[in-house]
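Student: I would like to go through the aromatic rings of a structure. Please show it to me.

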Amino acid sequence: MRISAILFTGVASMALVTPAFAQDAGDAAKTQAKDDLGDSEIIVTAQRTAQSVQDVPIPITVVGADQLRAQGVQEINDLGRTVSSLKLAENPGGSGGGGYIRGVGTFSRSRAAEPSVGIVVDGVVQGLTNIRNLSDVARVEVLRGPQGTLFGQSVSAGVINITTIAPDYDKFSGTISTELSFDDFAGSNYGKQQIRAAVNVPIAGFAGLRVSGYGVRTQGVLENIYLGNKDYRREWGVRGRFKAELAPGFTLNLAAEYNSEDRGNGYFLALRDTGLLNAATGTLTQPAPPAGVVASNYDRVRYCGVNPNINNFEICSDAPSAQTYRTQGYSGEFDLDLGGGLSLTSITAYRKLATSTQNDIDNLPEALDLTSVHSGLTSDYDQFTQEIRLASDMSKPLSFTLGGFYFISHVDSVAGPSAGAYTRIYTRKGSLPIATCFPVSTNALCNTFIVPGAYDNFQSWYTRNTSVFGELRYHPGQFTVFAGGRYNIAKVGFDGTTVNTANNATTTASMRLSDNDFSWRIGAEYEIDRNLMLFSTVSRGYKNAQISPLQNTTPAQAVSPEIPTSFEAGIKSSWLNGRLLVNLSAFYTSVKNYQGSRCDVDIATQSTTCNPFNIPKIITKGIEGDIFGRVGDHLKLNASFTFNPVLYPDNFLAQDGTNMGGTQLADAARFTASFYGDYDFALTSKVDGFLGFDISYKSEERLSDLSNSRYFIYKGHAIVGARVGAKMGDSWRLALFVNNLFNQNSPQQFASLANQDTTRAPNIAWGVYNTSRGLRQVGLQASLNF
């Protein structure tokens with residue numbers, strides 16, 4: 001009933017204040033989808049209306065449907081392989097975040113953390129319900145730098161603007177595709193099997209319905225030595241999109257989607273090392289076993305069969321591990337041509353995400369694990385958004401965009417024993433001979449433990465943003481000036497309760513924050529000729545204040561808003577009759593109160609707590625370039641690079657107290673580059689062959705702020721992919737492919753785990769968060785259009 005009521009209210013309001021792009025985003029996308037980065041002009045909606053990518057004074061990288069399919073980019077986290085300035089890190093907690101542009105972003109397991117990189121799909125802000133699977137997508141635009149003037153929520157670092165394929169009024173059509181790889185087959189180090197399909201149904205020449213769906217199964221990324229099984233990930237989803245021209249100049253778009261994901265038999269956090277870290281030298285020292293204990297911590301782990309190292313993809317757990325994610329979304333958009341070059345757009349949307357996670361944090365069996373920590377979390381998130389825009393014809397000398405945006409979200413979560421979490425600390429009585437405890441416990445001492453005071457955490461947040469925005473552009477000839485702003489009223493609230501299950505002691509916290517902010521953008525562009533344009537902008541962005549939760553023994557705290565101020569200048573050029581686009585830009589961004597995220601081991605509860613916090617100021621500056629399009633009749637390419645020194649401020653202290661001031665920011669490589677190329681050639685009069693190649697490179701990268709030690713820096717590396725196959729026009733395509741040809745690991749983050757020794761000293765077990773990106777995949781791709 002709640003969803004129906006919300007949608008009814010939104011649709012009723014939209015019937016009075018109807019919407020429109022100057023050109024429907026889906027229609028604009030069809031041209032590009034037909035010949036990806038090829039002969040046709042590339043249309044984007046980076047300024048909330050359809051324009052040629054070369055007319056937009058924003059650094060943009062465009063990835064089309066052909067490239068997404070060829071590179072096997074099926075999930076939002078795979079996009080980092082296609083855009084040098086973009087890093088997407090899979091979030092362990094299932095919440096939003098995980099996106100970085102030019103080194104600025106958010107990676108957090110905390111429900112309090114909003115992303116710095118906004119994701120927008122068909123005009124709908126995703127918030128913390130980020131889509132995971134890129135199904136039936138026409139193109140992806142990555143907009144770099146603050147975009148708060150025209151995009152409303154959590155876009156202080158940039159926007160990933162995604163357009164799905166729109167329904168076609170004219171003909172019945174469809175597509176079906178599959179990708180198959182199997183663990184330990186043909187050199188593949190994990191398995192992934194998927195099928196995708198879409199069907200388009202025209203209705204009476206003025207409407208169309210497009211229904212798409214996917215099913216994916218992944219296995220073998222982690223192997224559990226103790227139980228002799230492999231992890232798995234099962235996903236499926238369906239989306240329906242209806243579009244109709246109800247009257248001349250009046251268009252209706254309705255969309256609904258549901259996505260389901262289940263994971264089990266392990267999570268991607270594996271043991272990297274044990275021992276006490278010497279921050280000065282970066283070396284580890286194994287602590288001496290307590291009195292009467294035969295084996296050291298490291299020996300116990302090795303006895304299990306795990307070889308702790310940075311490339312570890314093995315675990316040794318006897319505890320259940322399962323995660324579920326359920327996402328649903330509904331949206332309605334009306335477009336009305338008011339005449340005189342004016343169009344009115346209204347988008348109403350509701351989204352919901354429900355998650356449940358059960359994880360053995362250290363992935364060791366209880367018989368060996370002197371401290372066993374198992375997490376449990378359930379959460380429910382929902383959001384409602386309403387946007388209204390009035391836009392004039394941008395081809396006129398004077399044009400404008402005016403609008404309003406409303407956003408409200410709620411999240412409720414339960415963490416602790418009530419959600420399945422527990423902590424067990426073994427009590428030794430005399431010696432503990434490992435041979436009698438693993439793999440079969442024959443000694444009662446192995447199973448003697450106490451359960452310390454575990455905490456239940458009941459947490460609830462809400463965020464409410466109301467804003468008005470506008471941009472004015474004056475274009476008398478070759479020279480254009482523009483200025484815009486957004487006035488935002490933000491309110492954030494938190495209520496939390498923790499209960500110590502050992503003695504029922506209860507602690508509560510309640511906090512409310514409110515803030516008014518004006519973000520803006522001014523700039524100019526000069527079109528030297530139809531093939532060359534210069535631009536320069538100055539912009540100020542905004543990201544909401546946050547409240548880090550009351551969590552175990554950690555109190556709730558306010559986290560200040562993130563305020564970036566960015567200066568950018570660039571050149572956009574077209575070559576080879578507009579078939580090849582070459583762009584270069586320079587940027588300087590000062591971010592006040594940068595919202596980082598920090599995870600600590602809570603010694604009192606032997607659990608990990610993660611919270612956002614502020615870094616007073618960071619500066620990111622550098623240069624970046626893009627080249628994409630077609631060279632000759634047979635070669636398509638898309639390449640980019642980013643050089644980006646972004647440093648911690650002076651005297652910034654790591655978690656262990658070492659000074660990190662002046663060093664490169666964590667999760668921000670100094671230099672990154674990506675390249676995609678596809679060359680086709682005739683095999684017969686009807687069938688073409690093709691060869692494809694892609695590479696993504698990043699220089700060395702700090703993957704934690706635990707310490708200034710180089711122990712937490714991962715080396716520079718490149719990941720290479722290739723494919724070979726045949727196709728017949730737009731009818732069918734068949735290819736053999738390999739991703740990560742040289743099996744180069746690419747760890748996502750380093751972490752400290754709950755300690756593994758009765759000395760209870762912190763930080764003596766180290767984890768590495770590895771994903772399928774760090775493993776070779778070999779398989780078959782096939783698609784058929786009808």
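Student: Are Phe712 and Trp766 buried or exposed?

Tutor: This is a predicted model, in which local features need pLDDT of at least 70, side-chain atom pairs count only at pLDDT 80 or more, and totals for chains, interfaces and linings use all residues. Residues are numbered from 1 along each chain as its sequence is written, and side-chain values use heavy atoms, without hydrogens and water. Buried means under 20% relative accessible area, exposed over 50% and partly exposed in between, with a 1.4 Å probe and protein chains only. For Phe712 the relative accessible area is 1%, and both Phe712 and Trp766 are buried.

Student: How are the rings of Tyr711 and Phe712 arranged?

Tutor: Rings of Phe, Tyr and Trp (its six-membered ring) pair if their centres lie within 6.5 Å; planes under 30 degrees apart count as stacked, over 60 as edge-to-face and the rest as tilted. The centres of Tyr711 and Phe712 are 5.0 Å apart and the planes stand at 85°, so this pair is edge-to-face.

Student: What is the arrangement of Phe712 and Trp766?

Tutor: Their ring centres are 5.4 Å apart. With 65° between the planes, the aromatic pair of Phe712 and Trp766 is edge-to-face.

Student: Which residues do ring pairs link into a cluster with Phe712?

Tutor: The structure holds 14 aromatic pairs. Ring pairs join Phe712 in a cluster with Tyr711, Phe750 and Trp766.

Student: Over the face of which residue does Arg48 lie?

Tutor: A charge sits over a ring if NZ of Lys or CZ of Arg is within 6 Å of the ring centre and within 35 degrees of the ring normal. At 4.5 Å from the ring centre, Arg48 lies over the face of Phe151.
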